[in-house]
Amino acid sequence: MSGRIYSIDAIRGFCLLNIFVNHITLGSLHELSPSKIAFCDSADIFVLLAGISAFLAYGPRTPSEVFAGPERMWRRAWHIYLVNLVILAASFAIFFVGGMGAEPPREELGPRGVLEAAGGLNYVW
């Protein structure tokens, strides 16, 4: 046994399914959502369980590892951040390379028009 708590994964999966159902407003499945009963949707439960899972995965395993846990969490966060930057760069590359050969139906929808509307490359998150 790996020490993983499968009930947390099962509840997170149910929360994701409920979030998906809540975003589909057509059909009767939306009316059966548990969010119709309570004042919250599944997103807050999902975030809570994600935090619990992160603590269980990267938190201290013994009292002597109290200061090693945050280091592991920051290392993981940095790794996720770098992967996010690679995905963002690839998305921009696909957008600009795909838009170079095609003529947009309107000029403001092309890559040059989008950059100008966003304030050029000065607008960075």
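Relative accessible area sorts residues into buried (under 20%), exposed (over 50%) and partly exposed (in between), with a 1.4 Å probe and protein chains only. The views below come from a predicted model, in which local features need pLDDT of at least 70, side-chain atom pairs count only at pLDDT 80 or more, and totals for chains, interfaces and linings use all residues. Residues are numbered from 1 along each chain as its sequence is written, and side-chain values use heavy atoms, with hydrogens and water left out.

**View 1. Packing of helix 1 against helix 2.** Helix 1 covers residues 6–23 and helix 2 covers residues 42–58; helices are DSSP runs (H or I, at least four residues), numbered from the N terminus. Their axes lie 9 Å apart and meet at an angle of about 150°, where axes are lines fitted to C-alpha atoms over the stretch in contact and angles run from 0 to 180 degrees between N-to-C directions. Helix 1 is therefore roughly antiparallel to helix 2, a term for angles over 145 degrees. The crossing of the two helices is left-handed, that is, the near helix is turned anticlockwise from the far one by less than a right angle.

**View 2. Residues at the contact of helix 1 with helix 2.** Contact means heavy atoms within 4.5 Å. Helix 1 contributes Ile-8, Ile-11, Arg-12, Cys-15, Leu-16, Asn-18 and Ile-19. Among the residues from helix 2 are Ser-42, Ile-45, Phe-46, Leu-49 and Leu-56. By class, the contact has 12 nonpolar, 3 polar and 1 charged residues; Ala, Val, Leu, Ile, Met, Phe, Trp, Tyr, Cys and Pro count as nonpolar, Asp, Glu, Lys and Arg as charged, and the others, Gly among them, as polar.

View 3. Ser-42 counts as buried because its relative accessibility is 5%. Leaving aside neighbours within four places in sequence, Ser-42 is in contact with Cys-15, Asn-18, Ile-19 and Ser-35.

**View 4. A cluster of Phe-92, Phe-95 and Phe-96 linked by ring pairs.** The whole structure holds 3 aromatic pairs, meaning rings of Phe, Tyr and Trp (its six-membered ring) with centres within 6.5 Å; planes under 30 degrees apart count as stacked, over 60 as edge-to-face and the rest as tilted. Phe-92 and Phe-96 are stacked, because their ring centres are 6.3 Å apart and their planes are at 25°. Both lie in helix 3 (residues 68–101), 4 residues apart, about one turn of the helix. The pair of Phe-95 and Phe-96 is edge-to-face, at 5.1 Å centre to centre and 70° between the planes. Phe-92 is partly exposed at 47% relative accessibility, as are Phe-95 at 38% and Phe-96 at 25%.

How values were computed. Parallel < 35°, antiparallel > 145°, perpendicular 65-115°, else oblique.
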